[in-house]
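Subject: Structure handover and notes

Hello,

Here is the structure I said I would pass on. Please load it first and read the notes with it open.

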Amino acid sequence: MRMKKLGVAVIGVGFWGQNHARIYHDLPRAELVAVCDLDERKAREAAAKYGAEAYTDSSELLKREDVEAVSICTWSTVLADEASKALKAGKHVLVEKPMTASSREAVRLVELAEQEGLTLAVGFVERFNPGVQHVKELISSGRLGRVVALSSRRLSRWPRRPWDVGVVKDLAIHDVDLMRYLLGEEPTSIYAMVGGLRRADVEDYATILLAFPGGTVGLIEANWLTPHKVRVLRVTGSEATLDLDYLTQQVTIRDEEGAFTPTRPWREPLRLELEHFVDCVLSGREPMVSGRDGLVALTICELALKSASEGRPIVLKELP
């Protein structure tokens, strides 16, 4: 019996969208049908490289019946419009973070996907990092004891790719989502400080403090000022601590008996994410990172920016 393949397209084939196109082209259960970009040269180059049709107008692409699902990899300010068009055209959607420019738009997007009965996944690729999965297993098994603190550092120079949001919604949002995921609960309050050295209208450094039930604290440091790329997480438990390097996927556990670094093969998180998305669409399963997950993470980031602007902690009474 011939294996069912999912017809997919990528809207926005800049740096990250090119990676989506590459992986869809290689996945055995997907067929890359079309790509779209406002830059005709980019669209044609990606189409030629991966054997797809090129478009500069996503509305024309979405008319194709053989396109069943799309990845939306555009600028943040147009993510909502493109995802909404795709859902209204009857397509399943994976939309890159931060999902939309505002939580109000995100609410409408989640509701639209539910009304249409379509899959809406949000591109938090770090959830699919094998190192993160290992950390999740260690926390859930009780290997670390009671978790009392998580501390993340996500640092680098200003992005060379186009950007239209600050460091909170671009970088720190990953760690907001990961801390929710690793602890399996929502933060109860937030306090943040942000600033902009390169531009006054967009923050390029941020420190965010999240309080979770039971006294667990999450500290997030993110910036576009560090000369070299840093992507690390430390988890402190009552019985052990661990350090994760997101880039190498290496996890080091330290307890009274010493330090241990289990060896696991490196795997590309984006490939795992897109494999999961394709499988969810074909099987009708709920994606690991749902539209609501994206909405909650974005809402928390907006409250972090509000905390910073008002200079006070904010109690998170009710999240969407």
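What follows is a description of the sheets, then the helices, then some backbone details.

This is a predicted model, in which local features need pLDDT of at least 70 and side-chain atom pairs count only at pLDDT 80 or more, while totals for chains, interfaces and linings use all residues. Residues are numbered from 1 along each chain as its sequence is written, and side-chain values use heavy atoms, with hydrogens and water left out.

Some terms before the details. Helices (H or I, at least four residues) and strands (E, at least two) are DSSP runs, numbered from the N terminus. Two strands pair if DSSP finds at least two bridges between them.

The parallel sheet

An open sheet is formed by 6 strands with parallel pairing, in the order β3-β2-β1-β4-β5-β6. Its edge strands are β3 (53-55) and β6 (120-123), and each of these pairs on one side only. From one strand to the next, the twist averages 25 degrees; angles run from 0 to 180 degrees between N-to-C directions, and axes are lines fitted to C-alpha atoms, for helices over the stretch in contact.

Strand β5 (residues 92-96) runs parallel to β6 and is joined to β6 by 4 bridges. Valine 95 has valine 122 of β6 as its bridge partner, and leucine 94 stands opposite alanine 121 in β6. In a regular strand the side chains alternate between the two faces of the sheet. In β6, Leu120 and Val122 point one way and Ala121 and Gly123 the other way, and all are buried (under 20% relative accessible area; exposed is over 50%, partly exposed in between, with a 1.4 Å probe and protein chains only).

The mixed sheet

A further open sheet has 9 strands with mixed pairing, in the order β14-β13-β12-β11-β7-β10-β9-β8-β15. At the edges stand β14 (258-260) and β15 (314-315), each with a single partner strand, so one side of each has no neighbour in the sheet.

β11 and β12 pair in the antiparallel sense over 5 bridges and form a hairpin with 3 residues between them. Valine 232 has aspartate 245 in β12 as its bridge partner. Strand β12 (residues 241-245) also pairs with strand β13 (residues 250-255), in the antiparallel sense and over 5 bridges. Here aspartate 243 stands opposite threonine 252 in β13.

The helices

Of the 17 residues in α7, 17 are buried. At 1.5 Å a residue, the 17 residues of α7 (residues 167-183) should span 24 Å, and the end C-alpha atoms are 23 Å apart, which agrees; the expected span is 1.5 Å times one less than the number of residues. α7 bends by about 45 degrees at isoleucine 173, the bend being the angle between axes fitted to the seven residues ending there and the seven starting there. Just after α7, glycine 184 takes a positive phi of about 70 degrees.

Helix α9 lies across β8, β9 and β15, at about 65 degrees to β8. Alanine 304 lies in α9 (residues 291-310) and is buried, with a relative accessible area of 1%. Not counting residues up to four places away in sequence, alanine 304 touches Ile190, Ala192 and Ile208.

The axes of α9 and α5 (residues 103-116) come within 9 Å and cross at roughly 170 degrees. The two helices are therefore roughly antiparallel to each other (over 145 degrees; under 35 counts as roughly parallel, 65 to 115 as roughly perpendicular and the rest as oblique). Residues of α5 that meet α9 include Ser103, Ala106 and Val110, and those on the α9 side include Leu295, Leu298 and Glu302.

Backbone details

A cis peptide bond joins lysine 97 and proline 98, with omega about 10 degrees. Methionine 99 has a positive phi near 85 degrees and is buried, with a relative accessible area of 0%. Glutamine 249, in the loop between β12 and β13, has a positive phi near 70 degrees and is buried at 10% relative accessible area.

Regards

Definitions and conventions:
Contact means heavy atoms within 4.5 Å.
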